[in-house]
Amino acid sequence: MQAWMFFVLSRNAIIESFHQHHNISAVLDSHLFSYADGALRCESVALATLADRFGTPLYVTSRQSLVGQFRDFEAAFSTLPHFTCYSVKANFNLSVIRTLAAEGCGCDVNSGGELYRALRAGVSPDRIIMAGVGKSEQEIEYGLVTGVLMLKAESVSELKAIDRVAGRLGKVASVAIRINPNVTAETHPYITTGDSKEKFGIDEAELGEVFGLFRTLPHLSLQGLDMHIGSQIFDPEYYVAATQKLLDVLATSRLLGFDIKWFDIGGGFPVTYDPQKPATPIARFAEKLVPMLEGLGVTVIFEPGRFITANSSVLLTRVLYRKRNHAGKEFFIVDAGMTELIRPALYQSHHEVLSVRLHDDSVVADVVGPICESSDFFARQRVIDNAGEGDLLAVLSSGAYASVMGSNYNGRLRPAEVMVDGSEAVLMRRRESYEQLVQNEV
Ligand SMILES: Cc1ncc(COP(=O)(O)O)c(C=O)c1O
């Protein structure tokens, strides 16, 4: 539908066609954000009341959505002996980790800081796996001292470092090796990780040396095989190709006498950001992968991040100013920016932007933030409800790689975050203060 058509439709028809045009109901209803009486809400809480109570910009997360996504994931792979380790990097808020851990998942952490967060959230160390292409000796020590389930090593040098640190501590480290399967998954180039051009994992040519290290270095025990081919991967065939390679490595390790317990195929499962490009359902991945992974005599590990959190949160922002330039271009200047959500600038990613209160008409406009960068935008040339100054907009799909990538650039304060559960909303992160901006400066 063309933008101009919106202007000539009645209010109800506009709302209906707006929904159809954006296929909004499909995105919203399944993720517990929906319109009631013309106002957007999260579960049964009106977003406008949250803005009044907690201010903007504000991250709003649906607890039921988090739990629902995790359960959907578990249902898809229920026939496999498996262990799902939520990839904390997607959204590391303690309340998010706690919510998911209570549902039974473990955690995949990528640094000492994420390990600290998972432990602070109450996750038992033997349910945490530790990744990272560049773990420092301090981080390796932290993992070993706390007793994480395993460290996933990504190079010969790292294996030697793990052996050194474990030796110093008088321990034998439980290790998985991350293989680079050299599969180029079709996704944004910044989030493909299983290709030999990238820095991640150990490539096939080095495996002989790696197996040799486990024979000669006394403080290493090979417990798992691991891969992660990237993020937001729509085609299950990439997983099939990479899993086949990891299965070949499993066969070789067994021939060499290693007793592999964990077979980790990583995360990367997709979600819908743009209703015009719906994500492949998780069941399609299970259909392809379960037959390959059955009866292997190992526990399969999955590391979903985005799949669980992306559509569970919105970024709520207030329109500060409307502006129209000499060329007739419309701007909504809002109080959130790339410091809260850098994905459009970094990955050219699409986020739906909805007015919290439905209006009778719409405009074609850019939705931009207050940061002094031209890449500070949420939407460009988008049909948007004709919200006025002071009105609220919601940037959808802001639950993964959003708040965690936030920054203080331009002296911005990190926003507050709330979690909604039914008709209740609780603060899960306070808004930063000016004082906190300078607290570490001496
Ligand atoms: C090793 C590893 N595991 C899991 C993930 C989670 O990926 P996603 O959020 O796409 O599921 C990532 C993300 O980059 C990763 O690097």
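Two strands pair if DSSP finds at least two bridges between them. This definition applies to the first view below, and every view is taken from a predicted model.

**Figure 1. Two hairpins in an open sheet of 3 strands.** The strands of this sheet follow the order β1-β2-β3, and their pairing is antiparallel. Strand β1 (33-36) and strand β3 (45-46) form the edges, and each of them pairs on one side only. Between β1 and β2, which run antiparallel, there are 4 bridges. Tyr35 has Leu40 in β2 as its bridge partner. The hairpin formed by β1 and β2 has 2 residues between its strands, and Asp37 in this turn shows a positive phi of about 50°. Strand β2 (residues 39-42) is also joined to β3 by 2 bridges, again in antiparallel fashion. Here Arg41 has Ala46 in β3 as its bridge partner. The hairpin of β2 and β3 likewise has 2 residues between its strands, with Glu43 in the turn at a positive phi of about 50°.

Figure 2. Pro57 belongs to the loop that lies between α3 (47-54) and β4.

**Figure 3. The contact between domain 1 and domain 2.** The domain assignment divides the protein chain into domain 1 (3-62 + 310-438) and domain 2 (64-308). Taken over C-alpha atoms, the centres of domain 1 and domain 2 are separated by 33 Å. Where the two touch, 29 residues of domain 1 are in contact with 20 residues of domain 2. On the side of domain 1 that touches domain 2, the elements giving two or more residues are α2 (24-29), β4 (58-62), α13 (343-347), β20 (416-421) and β21 (424-429). The residues on that side of domain 1 divide into 12 nonpolar, 13 polar and 4 charged.

**Figure 4. The largest nonpolar core.** This core has 113 residues, and those with the most contacts inside it are Val60, Ile128, Ile162, Val175, Leu393 and Ala394. The core lies between domain 1 (3-62 + 310-438) and domain 2 (64-308), because both domains give residues to it. In soluble globular proteins, nonpolar side chains tend to be buried together. Which residues are in contact with Leu393, leaving aside its neighbours within four places in sequence? They are Thr317, Val319, Phe332, Val334, Val353, Leu354, Ser355, Val356, Val367 and Ala387.

**Figure 5. Leu159 in helix α8.** Leu159 has its place in helix α8 (residues 156-169). Is Leu159 buried or exposed? Leu159 counts as buried because it has 23 C-beta neighbours inside 10 Å, and a residue is buried if 20 or more other C-beta atoms lie within that distance of its own. Apart from neighbours within four places in sequence, Leu159 is in contact with Ala153, Val210, Leu213 and Leu220. Leu159 and Val175 stand 16 residues apart along the chain, and 8.6 Å separate their C-alpha atoms.

**Figure 6. Gln232 and Gln348, each with a positive phi.** Gln232 is not a glycine, although it has a positive phi of about 60°. Gln232 lies in the loop between β11 (220-226) and α10 (236-255). With 23 other C-beta atoms within 10 Å, Gln232 is buried. Gln348, a residue other than glycine, also has a positive phi, with a value near 50°. Gln348 is found in the loop between α13 and β16 (353-355). Is Gln348 buried or exposed? Gln348 counts as exposed because it has 11 C-beta neighbours inside 10 Å, and the limit for an exposed residue is 12 or fewer.

**Figure 7. The shell of residues around the ligand.** There are 17 residues around the ligand, and those that come nearest are Ser87, Ser231, Gly267, Gly305 and Arg306. How do the residues of this shell divide into nonpolar, polar and charged? The shell has 6 nonpolar, 7 polar and 4 charged residues.

Technical notes: Residues are numbered from 1 along each chain as its sequence is written. This is a predicted model: local features need pLDDT of at least 70, side-chain atom pairs count only at pLDDT 80 or more; totals for chains, interfaces and linings use all residues. A residue is near a molecule or strand if its C-beta atom, placed from the backbone, lies within 6 Å of it. Ala, Val, Leu, Ile, Met, Phe, Trp, Tyr, Cys and Pro count as nonpolar, Asp, Glu, Lys and Arg as charged, and the others, Gly among them, as polar. Domain bounds come from an automatic or database domain assignment. Two residues are in contact if their C-beta atoms, placed from the backbone, lie within 7 Å. A nonpolar core is a set of buried Ala, Val, Leu, Ile, Met, Phe, Trp, Tyr and Cys residues joined through C-beta atoms within 7 Å.
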